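Please prepare a short briefing on the helix packing and the charged pairs of the model shown here.

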Amino acid sequence: LARADLAAGDVAVAAKRVAEALRAFRKFEMNAELLGCLDDHARILHLRGHSAEAARLYAAVEAARERLVLRRRGRHEQRWRSDVAAVRAALGDPAFEAAWAEGEGWSLEQALQHEVALAPAGAVAA
């Protein structure tokens with residue numbers, strides 16, 4: 001539902017739904033879905049003007065996908081590439097590369113902790 005909210009331009013509702021989904025997917029160890037939600041959260045960060053944080057989170061998710069051998073499929077891969085390109089364009093290559101390098105070193109747990117720190121108060125339970 002968060003993706004539908006994003007498509008409709010309702011970033012606030014999408015952020016709330018992503019937070020709810022993250023809690024559920026984390027609780028039940030649904031890693032593929034959890035990574036998809038983190039990608040959605042990175043998109044929300046970028047839309048809210050936090051492009052460096054988005055780049056870090058995209059990188060962390062990509063590194064986790066490689067470790068867990070969980071690939072995006074079809075249109076999700078295309079949307080991800082487009083979203084990452086938008087973040088790169090917003091930051092410029094040097095800042096994007098620096099943020100990406102930092103995020104690549106994060107574990108999945110660090111990415112989740114970072115997401116919790118950036119979420120509005122009370123939106124995500126650790």
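Which exposed residues does the face of H5 turned away from its buried side carry? That face carries Gly-74, Arg-75, Gln-78, Arg-81 and Ala-89, where exposed means over 50% relative accessible area, buried under 20% and partly exposed in between (1.4 Å probe, protein chains only). The model is predicted, so that local features need pLDDT of at least 70 and side-chain atom pairs count only at pLDDT 80 or more, whereas totals for chains, interfaces and linings use all residues. Residues are numbered from 1 along each chain as its sequence is written, and side-chain values use heavy atoms, with hydrogens and water left out.

**Helix H5**
- Helices are DSSP runs (H or I, at least four residues), numbered from the N terminus.
- The buried residues of H5 are Trp-80, Asp-83, Val-84 and Val-87; seen down the helix axis, they fall within an arc of 100 degrees, taken from the directions from the axis to the C-beta atoms, and so line one face of H5.
- These buried residues pack against helix H3 (31-47), helix H4 (51-68) and helix H6 (93-104), contact meaning heavy atoms within 4.5 Å.

**Salt bridges**
- The structure holds 14 salt bridges, each defined as a side-chain nitrogen of Lys or Arg within 4 Å of a carboxyl oxygen of Asp or Glu.
- Asp-40 forms a salt bridge with Arg-3, with the closest N and O atoms 3.0 Å apart; the pair links helix H3 to helix H1 (residues 2-7), 37 residues apart.
- Asp-40 counts as buried at 5% relative accessibility, whereas Arg-3, at 33%, counts as partly exposed.

Notes
Helices (H or I, at least four residues) and strands (E, at least two) are DSSP runs, numbered from the N terminus.
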